[in-house]
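Look at the model first, then follow the dialogue.

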Amino acid sequence: MNYVSVENISKSYGERVLFTDISFGINAGQKIGFVAKNGTGKTSLLNILSGADTPDTGEVIYRKNLRVSFLDQEPNLDPKLSVEETILASDNPVLSVIARYEKALQHPDDTEAYQAAFDAMDAHRAWDFETRYKQVLFQLKLDQLDQKVANLSGGQKKRLALAIALLTQPDLLIMDEPTNHLDLEMIEWLEALFAKEALTLFMVTHDRYFLERVCNEIVELDQGNLYSYKGNYSYYLEKREARLEVDATETAKAKQLYKSELNWIRRQPKARTTKSKSRIDDFQEIKARAYQRRKDHEVQLELNMERLGTKTVELHNISKSFGEKELFENFDYNFKRGERVGIIGKNGTGKSTFLNILTGSLQPDTGKVVIGETVQFGYYTQKGIAMKPGQKVIEVVREFGDYIPLKKGRQISAAQLLERFLFDRKKQYDYVEKLSGGERKRLYLCTVLIKNPNFLILDEPTNDLDIVTLNVLERFLLDFPGCLLVVSHDRYFMDKIVDHLFVFRGKGVIDDFPGNYSDFRAYENSQDPTPTEKDSSSKTDWKKDRPKATLSYSEQKEYQKLEKEIAKLETEKETLQNKFATENWDGEEIDTQSQNLQEIIDAIDTKTERWFELSAKLEGSL
């Protein structure tokens, strides 16, 4: 079944042409990974598909009544709402079904409307919607349901937008870098979910393991043309290489044919027959083919690295906590020359904090960091490049000098260096804020390597980089002779470049594991299985209870919420009563606290009375 037809669309910004006259379709059950270099229009194409943008030419045709969800890299959420309120305010068809059921309960005489609403609740699995959205939020580490969106980090907002997209249960889910800001555990959960659910996906991601395990088709935009490969990422790599070999062979043949045809053109008299004119027209096509060039320029990375001494970086009993949250405690480690360490762990376990302590931008609570005299840090952070309004690409590099030193006494101009990072002379005079996300990361990588570090620290370096640039970066890092410390959720990247792992377990624990990520995962899976979750019978089973109870959906939520609020108020009451016996308050303070205590008691009475009302209503229907 065809969901979407993309017909002859084009998109350009001024003189910059992203793509022209491309067509493809998306059918039910396809899980498509879209692959292209940075700056060639991946995000623009996704925006066109989602309806957030329009093509210059052509059209996108959707199947009637198709439900589409779009996960943007920078989601637009209402900062005034809480996490839970954002879920309940989303454009989710299940919420409409629940609202219709609530309305039907208010008119019990209309049995036909009630039955229709009841059947709709069944069809949309709406009885357990609250349980489902809480489970998804828990998996995405968004369990503080009352936390305001305004107080969430960028990564938490992206995960909340992902939760909304998943809970909408769309026919087609379009995603832009879905694994960004997810830790490894979340990514593996998402992989398993997509493998199990009969979803139709169209996504851009740099995560090659994710492409391998989720997608059943890869679509590549290359040199302005679309190529489709009916298989996973490994299949795509194999067939793409074969296609490029065929293209190279055909180009070589065209060059030979062009030479012979050129001789014929030069020998012909001025008078042309119809047949010769046709041959001349064919000659122009042969010439175009013979001189067709692939723009397969790759980033060229080079360092003028100072040699590391025997002493690099020593960590002596370092500890760090924020309030009651302990990130790590009494951690000791001495980095050796040429060591390659990966850092993994759940979000919030202190990975970035550890790097900031290592580089001196943050101080440990206890212990010390000793830096060798020859160490030159290069720190690639998650924040990326600090953009200045009106700053051009060339100006960013010229802040480090008009000429940059290379190996063996050579030097290179700022413009030449940018060309090595795939910024041509025209692109060098673009404003930084107009670059794509991947181009900004590539420019940022350039500014980090300009400093010629011999101790390279990379915090999520793979985010927003295209696969071609990732392959170049991997080759560079494999040959990098200095120390390397990497935080990344990209399992393919980690497997390729690190020798051992620091595993941040949380609660102050850091384990040193001797192997790459795949080794670690195999080891973890071989251990005793974790205790199973609570029996599903302990979860709220709306479908089972609803026919018996007369409580509405909102009353069920209120009933559960009142129990928690009453317990909390009882604790506050007891704490305040104890303070009357222990605190040395004056008369005015006693009056104030007595008033506070009375307000708590009144709130308990009011909420308890309401709880009894709902409880009696529930018990009366059993």
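**Reading helices**

Q: At what angle do helix α5 and helix α6 pack?

A: Helices are DSSP runs of H or I with at least four residues, numbered from the N terminus. Axes are lines fitted to C-alpha atoms over the stretch in contact, and angles run from 0 to 180 degrees between N-to-C directions. Here helix α5 (residues 129-139) and helix α6 (residues 154-167) pack at about 145°, their axes being 10 Å apart. This is a predicted model: local features need pLDDT of at least 70 and side-chain atom pairs 80 or more, while totals for chains, interfaces and linings use all residues. Residues are numbered from 1 along each chain as its sequence is written, and side-chain values use heavy atoms, without hydrogens and water.

Q: Which residues of α5 and α6 meet?

A: Contact means heavy atoms within 4.5 Å. From α5, Phe129, Arg132, Tyr133, Val136 and Leu137 meet Leu160, Ala163, Leu166 and Leu167 of α6. An α-helix has 3.6 residues a turn, so residues three or four places apart point the same way.

Q: Is helix α11 mostly covered or mostly uncovered?

A: Buried means under 20% relative accessible area, exposed over 50%, and partly exposed in between (1.4 Å probe, protein chains only). In α11 (residues 351-358), six of the eight residues are buried, including Phe354 and Leu355, so the helix is mostly covered. Glycine 360, with a positive phi near 90°, follows α11.

Q: Why does arginine 442 count as buried?

A: Arginine 442, in helix α14 (residues 437-450), counts as buried because its relative accessibility is 3%. A polar atom of its side chain lies 3.0 Å from the backbone oxygen of phenylalanine 421.

Note on methods. Helices (H or I, at least four residues) and strands (E, at least two) are DSSP runs, numbered from the N terminus. A polar contact is a pair of N or O atoms within 3.5 Å; within protein, one must be able to donate a hydrogen and the other to accept it, and residues adjacent in sequence count only if both atoms are side-chain atoms.
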